[in-house]
Amino acid sequence: MILNHIDDGEGHVIVLLHGMFGSHTNLNNIARFLSSNYRVLNCDLRNQGDSFHNDTMDLTSMANDVVRLLDKLDIKQASVLGHSLGGKVAMQFALMFPNRCSKLIIADISPVAYAPRHDVVLDSLLNLSDLDIESRSQADNFLKKTIDNEVMRAFLLKNLSRVDGGKYKIKINMKAIKENYYTNLVAAPSGEPYTGPTLFIKGETSAYIQEKHKTLIHDLFPNSSIEVMGKCGHWLHAENPNLFNRLVSDFLNK
């Protein structure tokens with residue numbers, strides 16, 4: 001089974017991996033920016049976007065998904081950029097397959113196990129997936145009962161897909177995400193240190209990369225640096241795309 005992906009541009013290959021509850025569309029901006037100089041594979045992680053569904057959902061399996069994609073396309077080596085959960089998958093890929101990873105870019109996530117923090121979203125989407133959804137406004141009104149943030153609801157509703165008869169369904173595999181979230185998906189990447197060039201990009205107001213994480217980051221990724229994007233949170237690539245794109249480009253061009 002091969003990850004759904006958009007293949008655009010020519011040159012050195014850059015693999016893009018989105019975060020939880022997302023799809024490749026979350027990284028369209030950086031994908032378009034990079035495709036003028038690189039070959040970009042903008043991917044949907046398993047159980048999300050238009051990729052295949054599978055009950056197994058852990059960092060090792062998802063890192064192997066990246067390798068299978070590269071093998072399918074006869075690509076020996078690529079740089080990888082991942083945001084949030086995609087960043088964890090990218091780190092696991094580099095730790096497991098260092099010879100396949102040219103450079104590594106991690107957007108606002110650390111190689112640590114996090115306490116679960118998406119319980120409300122998980123339950124809301126799971127309950128929404130059981131509904132007979134007639135319209136996007138109906139789905140939005142349902143989510144509004146538990147999720148006040150309009151931007152978050154709009155992001156989550158990108159997972160709606162029209163089906164036969166004009167109705168909608170949640171296309172991500174909520175059952176598998178729910179069953180794996182509290183164990184596999186909050187876990188930390190692991191393996192022998194990756195010594196290739198690595199860039200961590202932190203949102204200044206986000207708590208996903210903390211001072212106490214820096215020792216572990218250096219231990220696992222000794223050839224790494226951290227850039228902080230001022231006045232940005234966890235969605236740094238969307239909050240200040242110009243700065244994010246420049247940081248990524250400068251690092252890749254070194």
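Helices (H or I, at least four residues) and strands (E, at least two) are DSSP runs, numbered from the N terminus. With that naming in hand, let's start the tour.

Before you click, note that this is a predicted model, in which local features need pLDDT of at least 70, side-chain atom pairs count only at pLDDT 80 or more, and totals for chains, interfaces and linings use all residues. Residues are numbered from 1 along each chain as its sequence is written, and side-chain values use heavy atoms, with hydrogens and water left out.

**Stop 1: Gln77**

Select Gln77, in the loop between helix 2 and strand 4. Gln77 is partly exposed at 39% relative accessibility (buried means under 20% relative accessible area, exposed over 50%, partly exposed in between, with a 1.4 Å probe and protein chains only). Now show what surrounds this residue, taking contact to mean heavy atoms within 4.5 Å. Setting aside neighbours within four places in sequence, Gln77 touches His12, Val13, Asn99, Arg100, Cys101 and Ser102.

**Stop 2**

Move on to Ser84, in the loop between strand 4 (78-83) and helix 3. Check its backbone: phi of Ser84 is near 55°, a positive value in a residue other than glycine. Ser84 is buried, at 10% relative accessibility.

Next, colour helix 2 (59-72) and helix 3 (residues 85-96). Two packed helices are described by the angle between their axes and the distance between the axes. Here the axes come within 8 Å and cross at roughly 70°; axes are lines fitted to C-alpha atoms, for helices over the stretch in contact, and angles run from 0 to 180 degrees between N-to-C directions. Helix 2 and helix 3 are therefore roughly perpendicular to each other (angles under 35 degrees count as roughly parallel, over 145 as roughly antiparallel, 65 to 115 as roughly perpendicular and the rest as oblique).

Which residues in helix 2 meet helix 3? Show Leu59, Thr60, Met62, Ala63, Asn64, Val66, Val67 and Leu70 in helix 2, facing Leu85, Lys88, Val89, Gln92, Phe93 and Met96 in helix 3. By class, this contact has ten nonpolar residues, three polar and one charged. In this scheme Ala, Val, Leu, Ile, Met, Phe, Trp, Tyr, Cys and Pro count as nonpolar, Asp, Glu, Lys and Arg as charged, and the others, Gly among them, as polar.

**Stop 3: helices 4 and 5**

Jump to helix 4 (residues 119-129) and helix 5 (residues 136-144), whose axes are 10 Å apart at an angle of about 140°. Helix 4 and helix 5 are therefore oblique to each other. Zoom in on Ser124, Asn127 and Leu128 of helix 4 and on Ala139, Phe142 and Leu143 of helix 5, which make the contact. Four of the contact residues are nonpolar, two are polar and none is charged.

**Stop 4: salt bridges**

How many salt bridges does the structure hold? There are 13, each a side-chain nitrogen of Lys or Arg within 4 Å of a carboxyl oxygen of Asp or Glu.

Begin with Asp7 and Arg39, whose closest N and O atoms are 2.7 Å apart. Asp7 sits in strand 1 (residues 5-8) and Arg39 in strand 3 (residues 39-43), 32 residues apart. Asp7 is partly exposed at 35% relative accessible area, and Arg39 is partly exposed at 22%.

Now pick Arg46 and Asp65, again a salt bridge with the closest N and O atoms 2.7 Å apart. Arg46 is in the loop between strand 3 and helix 2, while Asp65 is in helix 2, 19 residues apart. Are these two buried or exposed? Both Arg46 and Asp65 are buried.

Then select Lys171 and Asp50, which meet in a salt bridge at 3.6 Å, N to O. Lys171 lies in the loop between strand 7 (168-170) and helix 7 (174-185) and Asp50 in the loop between strand 3 and helix 2, so the pair ties together parts that are 121 residues apart in sequence. Asp50 is partly exposed, at 49% relative accessible area.

**Stop 5: Asn47**

Finish at Asn47, in the loop between strand 3 and helix 2. Asn47 is buried at 0% relative accessibility. Beyond its neighbours within four places in sequence, its contacts include Phe52, His53, Ile172 and Asn173.
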